[in-house]
Amino acid sequence: MPWHQRGVVALQTTVGSLHLPSTVKKRIIVAITGASGAVYGLRLLQMLREMGGIQTYLIVSDPAWLTVQEELNISRNELEALADMIYSVHHVGAPVASGSFLCDGMVIAPCSMRTLAAVAHGLSDNLITRAADVTLKERRRLILMVRETPLNLAHLRNMLSVTEMGGIIFPPVPGFYQRPQNIDDLVTHTVIRVLAVLGLPQANVPRWTGLSTVDDT
Ligand SMILES: Cc1cc2nc3c(=O)[nH]c(=O)nc-3n(C[C@H](O)[C@H](O)[C@H](O)COP(=O)(O)O)c2cc1C
């Protein structure tokens with residue numbers, strides 16, 4: 001059995017009842033799927049933890065463990081340690097699979113075209129797509145950091161469907177007007193924008209205030 005699947009059975013048994021401390025302000029589901037850009041899921045978890053008072057629920061698809069291994073210098077244990085609760089993608093009976101589980105939103109970071117298609121068609125074939133389906137039906141905030149290029153018509157149609165259902169398509173496309181110095185800057189800036197869309201705006205971040213001069217000569 002490949003290393004990335006070994007913990008699956010054990011993880012299913014770790015799911016227990018939640019005892020939320022009174023300091024918890026929000027509950028956010030973070031899913032990482034097998035598109036390139038696992039660093040977005042990683043940075044999102046890091047920033048949510050740094051903020052404090054946010055309870056995170058992590059689900060990682062099997063292909064995402066491949067991209068984590070390929071793209072990040074982080075072990076499975078280190079990634080999982082950034083979340084408050086971890087659910088196996090195969091555990092469709094987890095609390096987050098039900099609308100009765102109260103949560104404030106879900107981010108799929110990054111979101112593969114496969115998961116996008118499943119969400120667009122209400123295909124709850126694993127815990128990520130089921131939790132996304134529930135998030136939409138409960139009219140909660142769902143953000144899909146879709147990543148593929150170029151895009152075919154199926155991708156575009158699926159993005160339209162998710163948008164029509166109330167989901168937010170948030171491709172991690174960097175802006176360069178903040179003069180990023182490195183990849184870390186690009187990733188952090190994008191995740192700050194995701195947090196703002198989630199209703200968690202960050203203080204002390206550079207904001208665009210308009211061009212300072214207009215040269216029409
Ligand atoms: C290294 C690597 C990079 C990939 N990058 C992407 C990508 O950027 N976008 C995408 O849609 N799929 C990408 N894939 C393919 C997905 O992993 C594949 O479609 C998988 O079935 C997605 O399943 P999931 O949505 O359950 O994670 C990549 C696969 C690998 C191994």
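Modeller: Ground rule for the sheet: two strands pair if DSSP finds at least two bridges between them. Strands are DSSP E runs of at least two residues and helices are H or I runs of at least four, both numbered from the N terminus. Mind that this is a predicted model, where local features need pLDDT of at least 70, side-chain atom pairs count only at pLDDT 80 or more, and totals for chains, interfaces and linings use all residues. Residue numbers start from 1 along each chain as its sequence is written.

Colleague: Fine. In what order do the 6 strands of the open sheet lie?

Modeller: The pairing is parallel. S3 and S6 (168-169) are the edge strands, each pairing on one side only. Reading across, the order is S3-S2-S1-S4-S5-S6.

Colleague: How many bridges does S1 make with S2?

Modeller: S1 covers residues 26-32 and runs parallel to S2. For S1 and S2, the count is 7 bridges.

Colleague: And which hand does the β-α-β unit of S1, H2 and S2 have?

Modeller: The test is to point the strands away from you: a crossover is right-handed if the path from the first strand over the helix to the second runs clockwise. Here the helix is H2, residues 38-51, and the unit is right-handed.

Colleague: Is tyrosine 57 buried or exposed?

Modeller: Tyrosine 57 is in strand S2, where 6 of the 7 residues are buried. The cut-offs are 20 or more other C-beta atoms within 10 Å for buried, 12 or fewer for exposed, and partly exposed in between, with C-beta atoms placed from the backbone. Beyond four places in sequence, its contacts (C-beta atoms within 7 Å) include Arg27, Ile29 and Tyr87. Because tyrosine 57 has 24 C-beta neighbours inside 10 Å, it counts as buried.

Colleague: Now the ligand: which helix gives the largest share of the shell?

Modeller: A residue is near if its C-beta atom, placed from the backbone, lies within 6 Å of the molecule. Of the 16 residues around the ligand, Thr33, Gly34, Ala35, Ser61 and Met113 come nearest. H3 (62-71) and H5 (113-120) each supply at least two shell residues. The largest share, 5 residues, comes from H3.

Definitions and conventions
Two residues are in contact if their C-beta atoms, placed from the backbone, lie within 7 Å.
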